[in-house]
Amino acid sequence: GYTVCMMFSLLLNSAIAKTAKEKINVVIPAQANVRVVFGATQLVKQLNQLNYQAQIAKNNKPNTRVKNITLTNQKTNGKESYAIVSDAKGNINIAGGDDSGILYAFTTLTEQVKAQGKLPQNLQIKDKPEMVLRGTAIGLQKPDYLPGRDVYEYPYTPETFPWFYDKQQWIAYLDMMLANRYNSLYLWNGHPFSSLVKLKEYPYALEVDEATFKKNEEIFKFLTEEADKRGIWVIQMFYNILIPKPFAEKHGLKTQDRNRPIIPIIADYTQKSIAAFVQKYPNVGLLVTLGEAMEGVGQDDIDWFTKTIIPGVQDGLKALGSKTEPPIVLRAHDSDAPAVMKAALPLYKNLYTMAKYNGEALTTYTPRGKWADLHRSLSRIGTVHVQNVHILANLEPFRYGSADFIQKSVQAMHHVYEANALHLYPQASYWDWPYTADKAPNRLMQLDRDWIWYKAWARYAWDSKRERSAEIAYWSKELGAKYGANQETGKYILDAYEESGEISPKLLRRFGITDGNRQTLTLGMLTTQFINPFRYGVFTLMYESEAPEGEMIIDYAEKEWKKQGHIGETPVQVAKEVVEHGRKAIAAIEKAKTGVKANQDEFDRLLNDMYCYDAMANFYADKVTAALWILKFKYSNDVKDLDQALPFLESSVQHYQKLVRLTENHYLYANSMQTKQRKIPMRGVDKTFIHWKEVLPVFETELKNFKHSIDSLKSTKTASNIAFKAYENAVVKFQDKQLYYTVKEQAKAFTDEDLQIKALTPELVGLNALQLSAEAQIKNGTQITFTNVKPVTVLVGFFNKKDAQFSPTPELETDASANNYGQAESKLSNAIIIENYPAINVHAYTFPAGKNTLSLAKGKALVLGFIDANQKIKIFDAGLNGNGRDIDWLFG
Ligand code: ADA
């Protein structure tokens, strides 16, 4: 009796245990897509962690003895759409518009189960995304160059990118993407093909060893499969025209050369690479940059796209025997995308376009002007146009999470740009993925730190019309939960994010030199950059298109002096506003302090960031005020105006000192791109001037020089003019015969034009300039090959106007090689006037001893002379265009 009794009670116990766990069948068809299986599996896993015994039933028939979550064969309307509906008995029916929709239905249900700790009841959910593509970008790039290599040239290897081979990290990232309903992942790299495919015609093009090649194949396969399960489409980006180093060496070519025409061997190699890639990875899309290393904007772009890239893709499809065109996304970067599209659409259907939302920064949700026109014309082609939220050079490295700014930006993408897709860069440290710039015992991951960045953009890409008051509640709750706090505390944190979130956009759009990542906004700016932005090649498109209507500092000062009215957003207004935003951000985060019960370390870092924003805002505000007094002096010539500037300049340095204290132990660097492309506030070659503590001495010296200048002005009573010394010609030997002329008034600059030099700055008089044919320059560009025993600097005069007849000024925003010889900055501005032409700015190209080639893009330009590289070039504005005198000397 005893044993029987025991057995009986055992049976009973297990029966109780079993009935305690409610049985659930998740019913899907026997033949289901990987996305459906993945979604259902995640749901089953989640249920089994709770009080359920769930399983997948692949019979397609609900079992009436258990609860069923059934994928019906009804279809909802629209791509990625879905519905989740409970019936009276608590069973749940799921439907989707496609496999991604079904995946999203399962994922949504899984999230609700998790949040409620049980299967929710009375569900009536219907949803679908507003934007059709919602993607994130990861760069296979680095803060600096690899030895012996140029910009963007990073073969895929475990040494360079250990994280790329880390499967667990990929899963975490892809899970984040799914949680945010991202459906596209872009991998950015200069020339990925030589890491991913082998070509039998060009075996030597492969850039990685056999073992690495195998690893690359394996990880690429893993990544694309795992992405596919989560409804994510992988897209490989590449620049043009880059070629692999071993290939270049074998053929005696450069890996990239902006002034190189298309040559057959490179075209053939590229076409074959693309074909091989498409054949091997038919489910991977391509994102094409027809710029940077290709000659300017023009027919070459069209030819390269229609005669090399598209045929490459088509060859790959033919080899596969497939007719399914993989997507090709064309970037409107440094190329005339509407013209390229026009030529390409008859050849290939599955085309998309992409252009930068606010350049390489976040500046406004009221974009306008020429750039908005470009976006609209791309949207109106009728293909999908993708908004590229690029690099964010003005947000690095502080935390950014203004839900308000982000929501309004996404609305602008729809309403102003008429676009319907998003491509999102990391919030900061793009070149240093996966790490943030925080100085912490263990490097922080962007994926963790910048969760709110990914979440906010995705949330509004899904639905930009969400009602603001509900959004405030939503984010307050999210932020509260993040820090173990209640919603009220969460609201304070949101306030801090949103107040601070106005600061960097406003500062850059009103005071900055460029929306490009040659400027690191958070490191501050030199006074001369405020008062003489054209000397630094100010990128005016930012003011005209990526900012509300308003005035630059120089415009404001001029109007004040002329007693004219102001228009739109003024520098004085922004200076006041950012200080106010900083104050409010600090007040809000301070209020949150006591409510925080979890994630304390991260909260402390966020709090510190708010103090950084505040110090930065005050630094800028005071420096702008000083700059306005200094510009007044330019008109008044009254030293008293400089006296007025002094206390503001002093106080700006004090705020900067505070910023140094706040960042010293908190940040490794401000900017993740640490190469020679960095120009503002300081040239950042070889990882220098990456931290505030390196820039502080520069600002201190600037202040000292300014005081000294005031003193000397007071003692001499005249605004001193700097003494000049004419440049001396250096000896070089030309490969081809060259004609000279002596630079002076009335000299004729071109062999085939009669126009004369009307005025020039005396430093240039006596130089041996090359007499060139304007017509030949327009047709072929300018290539001068020469040999020099000692390093030389070539002075080149560019016409200060964008026009097809003039060779374009080196521009880092569209050409990462634009500073390879130090030529990006204008050294002598408005230094020569030729009749009937715009003023000429002189740039300097420095070459080492040896055989060199000066190569200029198509269009007229003056090769003014060759001087010893040791001769000091004093940078100034000669003002020959009538724009007034130079006062940069005040700062040394
Ligand atoms: C500019 C920028 C580069 C890169 C490029 C692009 O040249 O300086 O870092 O972002 O644009 O691809 O858009």
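Predicted model: local features only at pLDDT ≥ 70, side-chain atom pairs only at ≥ 80, totals over all residues.
## Around the ligand

The space it takes is the largest cavity. There are 14 residues around the ligand, and the ones that come nearest are Tyr239, Glu292, Arg331, Lys356 and His390.

Some contacts can be followed atom by atom. A polar atom in the side chain of Lys356 sits 2.7 Å from a ligand oxygen. Leu812 takes part through its backbone, with an N or O atom 3.1 Å from an oxygen atom of the ligand. How much of the ligand does the protein bury? Taken alone, the ligand exposes 310 Å², and the protein buries 98% of that.

## A closer look at His333

You will find His333 in the loop that runs between strand S11 (328-331) and helix H10 (337-344). Is His333 buried or exposed? His333 counts as buried because its relative accessibility is 7%, under the 20% cut-off.

The side chain of His333 also makes a polar contact with the side chain of Glu292, at 2.7 Å. Glu292 is itself one of the residues that come nearest to the ligand.

## Helix H21

Next comes helix H21, which covers residues 600-636 and has 37 residues. From its first C-alpha to its last, H21 reaches 54 Å, close to the 54 Å expected at 1.5 Å a residue. H21 is mostly covered, with 27 of its 37 residues buried.

As background, an α-helix has 3.6 residues a turn, so residues three or four places apart point the same way. Just after H21 comes Asn637, which takes a positive phi of about 60 degrees.

## Positive phi in the loops

Two loop residues also have a positive phi. Asn122, in the loop between helix H3 (99-116) and strand S6 (124-127), has a phi near 55 degrees, a positive value in a residue other than glycine. Asn122 is exposed, because its relative accessible area is 69%, over the 50% cut-off.

Lys687 is not a glycine either, yet its phi is positive, at about 60 degrees. Lys687 belongs to the loop between helix H22 (639-664) and helix H23 (692-716). With 36% relative accessibility, Lys687 counts as partly exposed.

## Cis peptide bonds

Which residues does a cis peptide bond with omega of about -10 degrees join? That bond links Asn240 and Ile241. Ile241 is placed in the loop between strand S9 (233-240) and helix H7 (245-250).

Another cis peptide bond joins Glu396 and Pro397, with omega about -5 degrees. Pro397 lies in the loop between strand S13 (385-389) and helix H12 (403-415).

## Across the model

Gly766 is in the loop between strand S17 (757-760) and strand S18 (768-770), and at 30% relative accessibility it counts as partly exposed.

Asp450 sits in the loop between helix H13 (446-449) and helix H14 (451-462), and Asp450 counts as buried at 3% relative accessibility. Asp450 and Lys640 are 190 residues apart in sequence, and their C-alpha atoms are 48 Å apart in space.

Note on methods:
Residues numbered from 1 in each chain as written. Heavy atoms only, no water. Helix = DSSP H or I, 4+ residues; strand = E, 2+ residues; numbered from the N terminus. Expected span 1.5 Å × (residues − 1). Buried < 20%, exposed > 50% of the residue type's maximum accessible area, 1.4 Å probe, protein only. Near = heavy atom within 4 Å. Polar contact = N/O pair within 3.5 Å; in protein donor to acceptor, adjacent residues only side chain to side chain. Areas by Shrake-Rupley, 256 points an atom, 1.4 Å probe, with all protein chains shown as cover. 1 Å grid on protein atoms, 1.4 Å probe; cavity = no way out; pocket = protein on both sides within 12 Å on 5 of 7 lines; lining within 4 Å. Sits in = over half its atoms within 2 Å of the grid points.
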